[in-house]
Amino acid sequence: MELQYPKEVQDFMQRLREFARANLPDSIRRKTLADQRITREEQAQWQAKLIDAGFATPGWPVEYGGPGWSALEQHAYDVVMAEEGAPPAPAFGENMVASVLFAIGTPEQKNHYLPRIRKVEYYFCQGFSEPNAGSDLASLKTRAHLEGEEWVINGQKIWTSLAHMATHVVCLVRTDPQAARPQEGISMLIFPLDLPGITIRPIITIDEDHHTNEVFFDNVRVPKDALVGEMNRGWQNAKHLLGHERTSVARVGQSKRELKRLKALATTHLVDGKPLLRDPVFASKVAALECEMLAFEMTALRVAKRSQDVATGVEANLLKIKGSEIQQRLTELKLETLGPLGIQFAPPNGEEESASPLLTGEEGICAPTYFYYRVLSIYGGSNEIQRNIMAKSLGL
């Protein structure tokens, strides 16, 4: 069984595919398919091409530069661009911060931030988690208090993805330590990362790469108008933002692309002189995953259609759980396909040439990707927490 798109959507997808093949630089395509970091400059270069073609910010309202696509067209765009090796949009800015600004940003904030997010002039990271506040985010302790027309911020964030590349941060801070409930004393601020008093320290993860960071705030002063929404209402804003983060983790298009790559790899990789994909045990694993992915894609389409009219709710938790599990399973089957060849590490982000002739194609990136993708079921709120939220919504 395969999803059959309407004729007009098939034509739309073909136009997107032709555009990507004609305009996406090979260097960016290769880095995307090898799970290497796309620089801010490369992202802006690709975004400029999308803006010129009218394909940028597909989920944005028309009045802010979006193309006005339907939920199905947005899904088709994600699938085609992933299949063609285009880098995904910077999620923290385009998908998350923008969604909050659409809902509760002041006119001044919208006018200032949205055009710059759209052009990737501003590149955001997310200052939420702390050493003692991960999935239990309401226990965060980073403080901010007003002195005249400025917020003064002190505290620490951790596991801050891409802070070393970002220009700005969307940050949760405690503005009322005496609130009756922890969730009631939190506010959301957005501000630049080059201010005095901000220190960023790298955290090198198990894949030997630099994705995450510690961020320290020492009497950092930001303008009063950095507040997003109402003071002490940051928890509600964060839930709105995290709904978009959890939905973006679904990555249906990327998973469809990686399934094709897995099947191609298992077709060319021989075991006892025969392609691994002809082994009935392994083939059954691939078939089971493909069935799950089809059901998941249909669910994602239903959620996308519903979210055009209703704010994303517990469905985002479902997409986050299943999407992360499917992506992890794909890396597991790739590693199983390659066997001993798959346990080697290519240099992270292609920073230097490998001395090993074996580290080519999938062999050099399989293990690092497998290890790093363990984090997918943790960030954005661990999958255990997501299941608790879903159970609570059902009255369990």
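## Cavities and a helix pair

By class, the lining of the largest cavity comes to five nonpolar, five polar and six charged residues. Here Ala, Val, Leu, Ile, Met, Phe, Trp, Tyr, Cys and Pro count as nonpolar, Asp, Glu, Lys and Arg as charged, and the others, Gly among them, as polar.

A bit of housekeeping: this is a predicted model, where local features need pLDDT of at least 70 and side-chain atom pairs count only at pLDDT 80 or more, while totals for chains, interfaces and linings use all residues. Residues are numbered from 1 along each chain as its sequence is written, and side-chain values use heavy atoms, with hydrogens and water left out.

Searching the whole structure turns up three cavities of 30 Å³ or more. A cavity is a set of points on a 1 Å grid over the protein atoms alone where a 1.4 Å probe fits but cannot get out, and lining residues have an atom within 4 Å of a point. Points are joined across faces, edges and corners, and a volume is the space filled by probe spheres set on them.

| Cavity | Volume | Lining by class |
|---|---|---|
| Largest | about 180 Å³ | five nonpolar, five polar, six charged |

For the largest cavity, 16 residues make up the lining, with D35, E258, T331, K334 and T369 nearest its centre. Two or more lining residues come from each of α2 (26-33), α8 (252-268), α10 (314-338) and α11 (362-372); helices are DSSP runs (H or I, at least four residues), numbered from the N terminus.

Around the second largest cavity sit Q47, P90, G93, E94, I117, R118, V120 and Y122. Here α5 (91-104) and α6 (107-118) are the elements giving two or more residues.

Now for α10 again: it packs against α12 (residues 383-393) at about 145°, with the axes 9 Å apart. Axes are lines fitted to C-alpha atoms over the stretch in contact, and angles run from 0 to 180 degrees between N-to-C directions. On the α10 side, V314, N317, L318, K320, I321, S324 and E325 meet N383, Q386, R387, I389, M390 and S393 of α12, contact meaning heavy atoms within 4.5 Å. That contact has five nonpolar, five polar and three charged residues.

As for confidence, mean pLDDT (the predictor's confidence in each residue, from 0 to 100) is 89 for the protein chain, and 92% of its residues reach 70 or more.

How values were computed: 1 Å grid on protein atoms, 1.4 Å probe; cavity = no way out; pocket = protein on both sides within 12 Å on 5 of 7 lines; lining within 4 Å.
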